[in-house]
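I opened the model to look up two things. How do the copies relate, and how is the sheet put together?

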2 protein chains.
Amino acid sequence: MSSATKATILLAHGSTDPNWLAPFCTLYEGIRQHTGEQRVELAYMELAEPSLQNMIEQLATEGFTEIDILPLFFAAGRHLRKDVPRQLEDIQQAATVPLTLTLHQPVGLEPEIAEAISRLVIRRVT
Amino acid sequence: MSSATKATILLAHGSTDPNWLAPFCTLYEGIRQHTGEQRVELAYMELAEPSLQNMIEQLATEGFTEIDILPLFFAAGRHLRKDVPRQLEDIQQAATVPLTLTLHQPVGLEPEIAEAISRLVIRRVT
């Protein structure tokens, strides 16, 4: 279901190392082929561009007011529990239009991802 | 197939935040239930214990001389391309018995994990 005001940002940690960034770009390109008209972007928390803030501001400028943020992280530590929520609060307060920014739990905490990793490790080990 | 001299270390980045560490412990406990007598341990690259170095030294003391290191990372950046290989070299050189330490590619680069993440994201977005 495509929505004209709703967008999703895949949020990766970020790194200065292009070797670290490349697999996220590949993953993102693959995903984009299956999401049709629904707007999906990739952004980084730190050390790489586009930053989360720049991406939200760009989407807001284009009229997207409801933005889901889906972290490509294994777990939620200080970054996702404190830094990012604080950043989202600041962006929301500074925005000239009302924005609904929803930070979801990291993909690594989804049972299907944890199970896929478990299966892989068990196969490797045994 | 269980081997008396072979062990596997699941390597996570590490964090000072117990909320970040917890899902790795849960994942590890789940894996342990399916690996029988094969020795599998969890260790951290930094900021948490057991460290990779301490874990390798412990396993070596117990007679494990062939140790596979399987990174629970999404991608290989500076840490897995430089820091960890250098650390493994140092450990190998300092060891009193010959150790075979093999650093595998991060689980996030395995097609089945990337596909599981893609499926999850596509389902969420569309």
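**Entry 1: the two copies.** The same surface serves both copies, as 100% of the contact residues of chain B recur in chain A. I count a contact when the C-beta atoms of two residues, placed from the backbone, lie within 7 Å.

**Entry 2: ground rules.** The model is predicted, so I note that local features need pLDDT of at least 70 and side-chain atom pairs pLDDT 80 or more, while totals for chains, interfaces and linings use all residues. Residues are numbered from 1 along each chain as its sequence is written, and chains are lettered from A and ligands numbered from 1 in the order in which they are written.

**Entry 3: the interface.** I find 41 residues of chain B in contact with 41 residues of chain A. E1, H1, H3 and helix H4 (111–125) of chain B each supply at least two residues of the side that touches chain A. Helices (H or I, at least four residues) and strands (E, at least two) are DSSP runs, numbered from the N terminus. H4(B) gives the most to this side, with 11 residues. The residues of this side of chain B divide into 23 nonpolar, 12 polar and 6 charged. Here Ala, Val, Leu, Ile, Met, Phe, Trp, Tyr, Cys and Pro count as nonpolar, Asp, Glu, Lys and Arg as charged, and the others, Gly among them, as polar.

**Entry 4: the sheet.** In what order do the 4 strands of the open sheet in chain B run? I read E2-E1-E3-E4, with parallel pairing. Two strands pair if DSSP finds at least two bridges between them. E2 (39–44) and E4 of chain B stand at the edges with a single partner strand each, so one side of each has no neighbour in the sheet. The twist averages 25° from one strand to the next.

I then checked the pairs. E1(B), residues 6–12, joins E3(B), residues 66–71, over 6 bridges. There B:Lys6 has B:Glu66 as its bridge partner. E1(B) also pairs with E2(B) over 6 bridges, and B:Ile9 stands opposite B:Glu41. E3(B) and E4(B), residues 100–103, share 4 bridges.

Technical notes. Axes fitted to C-alpha atoms, helices over the stretch in contact; angles between N-to-C directions.
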